[in-house]
Amino acid sequence: MEKVLESITLPAEWARQDAVQLTWPHEGTDWASLLDEVVPCFVSVAKEVMKRENLLIVCPDAEAVKRQLGEYDAARVRFAEIETNDTWARDHGGISVHDSFGPTLYDFVFNGWGMKFAAAKDNLITRTLHAGGFFADQVQVANMAPFVLEGGSIESDGKGTLMTTAECLLSVNRNEYLQREEIENYLKDVFGLKRVLWIENGYLAGDDTDSHVDTLARFCDEHTIAYVKCTDESDEHFDELKAMEEEIMKFRQENGEPYRLVALPMADKVEWNGERLPATYANFLIMNGAVLLPFYGSPKDEQARALLQEVFPSREVVGINCLPLIKQHGSLHCITMQYPEGFVK
């Protein structure tokens with residue numbers, strides 16, 4: 001796909017949005033035994049979205065989801081009945097760009113985070129939504145196969161800088177025949193980038209994504225990065241997250257200035273069935289008028305909220321109980337995908 005570099009923009013998450021997508025849990029997903037716990041979490045996210053913008057719900061049975069939602073603003077939600085494997089819209093959802101052809105959704109290959117899980121149905125969702133008329137008439141879908149890429153693995157400042165992790169993008173189970181330089185050049189080409197900031201360190205126990213950047217470090221605006229900081233030297237994450245912090249401190253903005261850095265607390269340890277779960281406050285969603293922040297039933301929840309409220313003074317920071325979500329190794333940002341203005345009917 002040949003495009004002119006300067007004509008492509010990968011919007012930042014804080015750009016004005018038309019809608020947020022949720023791909024709903026059901027008995028055919030890994031949530032089958034946990035539906036009573038996780039559905040209320042999805043309902044909470046859905047209702048916060050509907051207060052501020054439109055919501056697109058992908059599900060195999062719209063009537064079942066309507067019953068679960070209870071009272072809701074019907075004018076703000078559209079249901080797309082599509083068969084799905086799972087619920088991680090951040091990673092199977094289309095990635096929105098503006099290019100010389102107008103608003104375009106990049107439909108990358110989603111292979112279940114390096115072929116760990118079934119993904120054949122989820123990999124068809126974006127093109128099925130487009131064929132079903134859910135996107136604005138001017139929106140095109142670009143088939144990006146065979147390149148494998150998940151939305152949770154990239155962070156854009158909207159100005160030509162992308163932040164990502166080497167652990168994920170260089171995984172041999174994604175684009176195994178491509179070297180770092182080839183991947184970086186490809187990203188610069190298709191996203192119109194000037195720079196790629198590579199994070200070499202950092203991980204969360206229980207994470208299936210090979211260290212998605214949205215679990216570790218996030219752009220809050222073009223000058224600010226929020227990241228997870230571990231202060232407990234006895235925690236297994238201490239050394240890796242300290243090394244990540246040192247890397248991020250060396251990052252520079254395009255003008256050469258250091259970034260404003262916001263250290264988010266390392267979430268308290270959460271275990272289930274003897275396994276540590278990947279609780280993280282970095283997995284927040286920026287949307288119109290609000291930031292939805294995962295909560296984990298800890299005093300640190302309010303610490304994280306206070307920090308982000310300072311960073312986003314014009315947006316309400318809303319906590320959502322995400323303890324059910326991390327039982328399947330993801331959190332709030334992972335279940336959502338935003339679409340900028342001009343993308344959704």
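Which residues have the most contacts inside the largest nonpolar core? Select Trp24, Ile57, Met163 and Phe284, which hold that place in a core of 79 residues; a nonpolar core here is a set of buried Ala, Val, Leu, Ile, Met, Phe, Trp, Tyr and Cys residues joined through side-chain atoms within 4.5 Å, and buried means under 20% relative accessible area, with exposed over 50% and partly exposed in between (1.4 Å probe, protein chains only). The largest share of this core, 10 residues, comes from helix α1.

Before going on, note that this is a predicted model, in which local features need pLDDT of at least 70 and side-chain atom pairs count only at pLDDT 80 or more, while totals for chains, interfaces and linings use all residues. Residues are numbered from 1 along each chain as its sequence is written, and side-chain values use heavy atoms, with hydrogens and water left out.

Stay with Trp24 and display its contacts (heavy atoms within 4.5 Å): leaving aside residues up to four places away in sequence, Trp24 touches Phe42, Val43, Ala46, Ile57, Val58, Cys59, Val65, Gln68, Leu69 and Thr87.

Next, select residues 35-50, helix α1; helices (H or I, at least four residues) and strands (E, at least two) are DSSP runs, numbered from the N terminus. At 1.5 Å a residue, the 16 residues of α1 should span 22 Å, and its end C-alpha atoms are 22 Å apart, which agrees; the expected span is 1.5 Å times one less than the number of residues. The buried residues of α1 include Phe42, Val43 and Ala46, each of which is touched by Trp24, and Glu48 is also among the buried residues of the helix.

Now bring in strand β2 (residues 54-59), of which five of the six residues are buried, so the strand is largely enclosed by the rest of the structure. Strand β1 (residues 17-23) pairs with β2 in the parallel sense over five bridges, where two strands pair if DSSP finds at least two bridges between them, and Ala19 stands opposite Asn54 in β2. The chain crosses from β1 through α1 to β2 in a right-handed β-α-β crossover; right-handed means that, with the strands pointing away from the viewer, the path from the first strand over the helix to the second runs clockwise.

Strand β3 (residues 77-81) also pairs with β2 in the parallel sense over five bridges, with Leu55 opposite Val77 in β3. Here the chain passes from β2 through helix α2 (residues 62-69) to β3, and this β-α-β crossover is right-handed.

Select α2 itself, whose buried residues are Ala62, Val65 and Leu69. Seen down the axis of α2, these residues fall within an arc of 60 degrees, so they line one face of the helix; the arc is that of the directions from the helix axis to the C-beta atoms. What covers them includes α1, β2 and β3.

Finally, move to strand β16 (residues 290-295), where six of the six residues are buried. Ala290, Leu292 and Pro294 point one way from β16, and Val291, Leu293 and Phe295 the other way. Strand β15 (residues 285-287) pairs with β16 in the antiparallel sense over three bridges, and in their hairpin, which has two residues between the strands, Gly289 takes a positive phi near 75 degrees. Strand β17 (residues 316-321) pairs with β16 in the parallel sense over six bridges, Gly319 being the bridge partner of Leu293. The chain crosses from β16 through helix α10 (residues 300-311) to β17, and this β-α-β crossover is right-handed.
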